[in-house]
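Here is a friendly walk through one model, from pairs of helices to the nonpolar cores. Keep the structure open beside the text as you read.

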Amino acid sequence: MSPIVLILIAIGLGVAGWLAGRAKAWSFQTGGDSQRPVARPTYHAWYVAVWILIPVLAFVVMWSFVAPQLVTQSVLASPAAANLPAFGFERESWLSEARAVANGSAPGVFNDGAEGLIEPFREAQGRYSIVGYVLTVLIAFAGGAFAYMRVGPRFQARTKVERTVMVILLLASLVAILTTFGIFASLVFETVRFFSMVSPVDFLFGTFWGPDPMSNPNNPDGSRYGAIPLFWGTIFIGAIIAMIVAIPLGLMSAIYLTQYADPKLRTWIKPALEILAGVPTVVYGYFAALTVAPAIRDAAVAVGFDSASTESALAAGVVMGVMIIPFVSSMADDSIAAVPSAMRDGSYAMGATKSETIRKVLFPAALPGIVAGVMLAVSRAIGETMIVVMAASTAANLSANPLERMTTVTVQIVKMLTGEGSFDHPATLSAFALGFVLFLVTLALNFIALRVVKRFREAYE
């Protein structure tokens, strides 16, 4: 049973309720002044539709989680499940294969034991599909009948509908906040579990990172979980090398576009520059691995660095800097353009040249917005993964040499959470600890950037 079908049924019933409520409300228009409705027919129509749509959509969401469980329990209770393994991976594999074939998403099964479960799955899915359809219609009819009976000349339909819309808008505004709290809570819970196995001091200040997911979970070696090389790689690649590339190029492009470029040329260059922000990071990764990294290696060998590797922090940092140029350029462009023209004209009236006006008037006045753009670019850079994987390797290395291999926090998070590692092992849980630290860092950077932007807006609005 597809939830989309239930949603379409709900929409159709909602439209029917809307038309019925509107028709009943229009009938009040023929009465005297004492019978004229206090709300327009459209509000009565929406009141009936809301009482149909919201309960049905809530049921569809709940049923999409409950129905698969009911189907599985029905199959397990059937005689065909007698030969099903009692537990473990094989049991889940049989059920998954039979379910996929019954749904039509797989042509057949690999395990002969799962073949007998296909028909029970089809029967259970058909049965609970009918139950879902019937319950959907009943809930819609009950909600619509309740709302339809309340429609009358003195009924405050407009107030009810507007309050409902306000609640929906409030819930929509809370989604981001609740999501942030959910992420934070999940990270904290798993991080506490990790720190119960590994000392926080060893993790935050250790200089060797080499977790072994296959080692004994009852005897973790805390000295293997020193995250300093990961923190350093993240800062070195994302906050140093990338910023050395992004900040000068971004600021110079913003200055050129706002002060020197012809308006027609600006309409072409600015969108072309901002296209860089929409390029998938895996494309940047290919570019770094196939073009930039070999070029850097050949250049290093030509000047005498025989140990230069194809994978290097410099290659990843340079490409990452190119990727975040639009973040710096767009924010600087908007900040410089927002400086009042009176300041620019006053500088010219005092005899300053254009370059002097830019350096001594426009740039200092736009500095808060520029700093905010740089902060946002840094938070974007330190969360990048694909470019580092493809151009800088996954080796944790504590070095200041940009030609050596390095890795970042996000790369190790992906590495620890992929594969067959147990979630009770400190190697897997270390990914949550790394994510928690990265979450705090990016949250702090975003908070600082927003505070700077707020000050900037207060100064010129």
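## Helices H12 and H13

In this predicted model, helix H12 (residues 341-349) packs against helix H13 (residues 354-365) with the axes 10 Å apart and an angle of about 145° between them. The crossing of H12 with H13 is right-handed.

Which residues make this meeting? From H12 come Met343, Arg344, Ser347 and Tyr348, and they meet Lys354, Thr357, Val361, Leu362 and Ala365 of H13. Sorted by class, the contact of H12 with H13 holds 5 nonpolar, 2 polar and 2 charged residues.

## Helices H11 and H14

Now turn to another pair. Helix H11 (residues 325-337) and helix H14 (residues 367-381) have axes that come within 8 Å and cross at roughly 165°. Angles over 145 degrees count as roughly antiparallel, and H11 and H14 are therefore roughly antiparallel to each other. Their crossing is right-handed.

On the H11 side, the residues in contact are Phe327, Val328, Met331, Ala332 and Ser335. On the H14 side, they are Gly369, Ile370, Ala372, Gly373, Val374, Ala377 and Arg380. The classes in this contact of H11 with H14 come to 8 nonpolar, 3 polar and 1 charged.

## The nonpolar cores

Let's look at the cores next. The largest nonpolar core comprises 69 residues, and Phe203, Ile237, Ile324 and Leu434 are the ones with the most contacts inside it. Helix H7 (residues 228-260) supplies the largest share of this core, with 12 residues. A further core lies apart from it and has 30 residues, including Val48, Phe59, Val60 and Val151.

Phe203 deserves a look of its own. Leaving aside residues up to four places away in sequence, Phe203 touches Phe194, Phe195, Trp209, Tyr225, Gly226, Ala227, Ile228 and Phe231, along with Ala433, Leu434 and Val437. Leu434, one of these neighbours, is also among the residues with the most contacts inside the largest core.

## The chain as a whole

Stepping back, how many helices and strands does the protein chain have? There are 17 helices and 0 strands. The chain has 461 residues, of which 39% count as buried.

Contacts that reach along the sequence complete the picture. Among contacts in the protein chain with a separation of 6 or more, 72% are between residues 24 or more positions apart. The touch between Phe203 and Leu434 in the list above is one to find on screen.

Conventions
Residues are numbered from 1 along each chain as its sequence is written. This is a predicted model: local features need pLDDT of at least 70, side-chain atom pairs count only at pLDDT 80 or more; totals for chains, interfaces and linings use all residues. Side-chain values use heavy atoms; hydrogens and water are left out. Axes are lines fitted to C-alpha atoms, for helices over the stretch in contact, and angles run from 0 to 180 degrees between N-to-C directions. Helices (H or I, at least four residues) and strands (E, at least two) are DSSP runs, numbered from the N terminus. Angles under 35 degrees count as roughly parallel, over 145 as roughly antiparallel, 65 to 115 as roughly perpendicular and the rest as oblique. A crossing is left-handed if the near helix is turned anticlockwise from the far one by less than a right angle, and right-handed if clockwise. Contact means heavy atoms within 4.5 Å. Ala, Val, Leu, Ile, Met, Phe, Trp, Tyr, Cys and Pro count as nonpolar, Asp, Glu, Lys and Arg as charged, and the others, Gly among them, as polar. A nonpolar core is a set of buried Ala, Val, Leu, Ile, Met, Phe, Trp, Tyr and Cys residues joined through side-chain atoms within 4.5 Å. Buried means under 20% relative accessible area, exposed over 50%, partly exposed in between (1.4 Å probe, protein chains only).
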